[in-house]
Amino acid sequence: MTATGKYLRIVLGIAVIAALIVVPMNFNRYGLYILSQWAVMTIAAMGLNLTLGYAGQISLAQGAFVGIGAYAAAIMTTQGMPLIAALAVAIVLCFAIGWILGYPALRVQHHYLAFVTLAFSTLAFLVFRNEDWLTKGIYGISNIPRPNVMGFATNRPLPFYYFCLGSLGIVSLAMWWLIRSPWGRAFVALRENPVRALSLGIDTRRYTLMAFAIGSALGGVAGTLYAPLTQYIDPVPFNLSLSLDLLMMVIVGGSGFFFGPFLGAMIAVLLPEWLRFTQGYYLMLYAVAVMLLLIYSPTGILGILDRYLAERRTKVASALRAVAKSRLETAP
Amino acid sequence: MTAVLEVSNIKKSFGGIKAVDGVSFDVQEGEILGLIGPNGCGKSTLFNCILGQLAPTDGEVKVDGKVVTGLRPSELNRLGVSRTFQLLQVFPKLSVRENLILAGQEHQGNMMSRLFGPSDAGLTAVADQMIGFFKLDHLATEAAGGLSYGQQKLLDAAMAFMGGPRLVLLDEPAGGVNLTMLGDLKERLAAINREKRATFVVIEHNMEFVMSLCTRVMVMAEGKLLAMGTPAEVRANPAVIEAYLGH
């Protein structure tokens, strides 16, 4: 049964990837823009999913890291530097700032930690808005070029979408590997029982800082894709509401599930578009849908699936036990 | 014989309450020391002070002759001092095997080798051996949260042994465990003590368990050391009977 399940999953995975490559070929410019945005936001949400979903540390600052990455990309590429250099700067910068932002998490938890990270989010926004010499303030930075990837220009929407999709692929593989490594296990230990983790020799301090730093660095990666996607940035998209959006993506998709951010970002980015036919009501409908979902399943959409699979497993196991027992009883 | 653990004059106050009030004792290598006393007499607080979970108000703890007071629990653990908790402390979402791998993974290599090394940190075989030893074979891939209370208690104990500790402090290992499993647990602990020369300090209310497992028993009352001796001596001590065993 598990073998067929595995094949089913592989086939499903290949089908989804193929669809993500083939179907958008005849999308219009706007459709590709939305889909690229999904890929970018998924990367940012994956970072937050590591910090919050796996390691259990709440952060309301992920949007700020997307902003830092976006500004790094915008400033550097408009000066003629390659995007890859901006990516390196964004990763190092966000990793370092994320590490520092992790220190409060060693002292405070839950909503107190949320407030600390919220304050950082506000601080970052003020820097984006007020430090004109660096960020051009409210006028923003325009004409952000799109990169050449291995000799291919990504100026047109479809190649740029493939660039985002490819980046998402690379980040996904890295994340998959990270959460399967002993680090991933230590992050989960941090979330589930930090006191016990400490007594098992796990340096909870270092892992907490790592969870923040890596999660933030992924926010930076998303930012370096966001800038060339929109080709114009100003401080507004990186205010607190982006952090809240990303938090919602993680929670709605399923916090602590690998595919949670993919689903959450899809809902947050695509659903408002699909609901557009309802005109003025779409945001309300969207809000109600999110509320209903979280009441029904606080662990998000993948939480529903997980519960269903767990129940089925239990049923199968108890059926097998019953069969074994009846065999035992009827044995001569 | 060398003292694995030397505790001298440990004190811990919470506000005006002296939870532990000047306790000193040594534990020799290979010994199983029982620690008994009425509820609230400071046993668990003493454990927490020894293990760095609480900072003692006063006093000193030495492991293998080295002062360890002020070390973090994780550092102490990597020096070979392990523990179990009074209340269940397994990681419910991880499988039994994952719980055990987690319990051992920080005892080898460094952060980088753990990141770039194999995902099981090379511990699957060791974990499975431990699973077999604690008779949890059929449960290896089950989520720990789905196990019965007694099974989780066994897993909890097994986790304490993953890093190959020299000294293990067990806080009520028998609490809530049924009789059959209790026998298993006792036999397992005794075997590890014999074969690995692991030293134990055991807090326990189950007298039969303490008296049959331990080589020496220490009795605490109101934060102080009341008596110390072989199980037979302690059982016969009038002060102990008065404070604890009499009712």
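I shall speak about a sheet in chain B, the helices that accompany it, and a pair of helices in chain A.

Please bear in mind that this is a predicted model.

I begin with the sheet. In chain B, six strands make up an open sheet with mixed pairing, and their order is E6-E7-E8-E3-E9-E10. Strand E6 (81-84) and strand E10 (224-229) of chain B are the edge strands, each pairing on one side only. From one strand to the next, the twist averages 15°.

How do E9 and E10 of chain B pair? Strand E9, residues 216-221 of chain B, runs antiparallel to E10(B), and five bridges join the two. Within this pairing, Lys224(B) in E10(B) is the residue opposite Ala221(B).

I turn now to the helices on the sheet. Helix H1 of chain B, residues 43-50, packs on the sheet and touches strand E3 (32-36), E6, strand E7 (167-171), strand E8 (199-203) and E9 of chain B. The direction of H1(B) makes about 150° with that of E7(B). Helix H6 of chain B, residues 149-160, lies across E6 and E7 of chain B, and its angle to E6(B) is about 170°.

Finally, chain A. Two packed helices are described by the angle and the distance between their axes. For helix H4 (residues 83-102) and helix H10 (residues 204-230) of chain A, the axes come within 7 Å and cross at roughly 145°. The crossing of H4(A) with H10(A) is right-handed. Which residue classes make up this contact of H4(A) with H10(A)? There are 17 nonpolar and nine polar residues, and no charged ones.

How values were computed. Residues are numbered from 1 along each chain as its sequence is written. Chains are lettered from A and ligands numbered from 1 in the order in which they are written. This is a predicted model: local features need pLDDT of at least 70, side-chain atom pairs count only at pLDDT 80 or more; totals for chains, interfaces and linings use all residues. Two strands pair if DSSP finds at least two bridges between them. Helices (H or I, at least four residues) and strands (E, at least two) are DSSP runs, numbered from the N terminus. Axes are lines fitted to C-alpha atoms, for helices over the stretch in contact, and angles run from 0 to 180 degrees between N-to-C directions. Two residues are in contact if their C-beta atoms, placed from the backbone, lie within 7 Å. A crossing is left-handed if the near helix is turned anticlockwise from the far one by less than a right angle, and right-handed if clockwise. Ala, Val, Leu, Ile, Met, Phe, Trp, Tyr, Cys and Pro count as nonpolar, Asp, Glu, Lys and Arg as charged, and the others, Gly among them, as polar.
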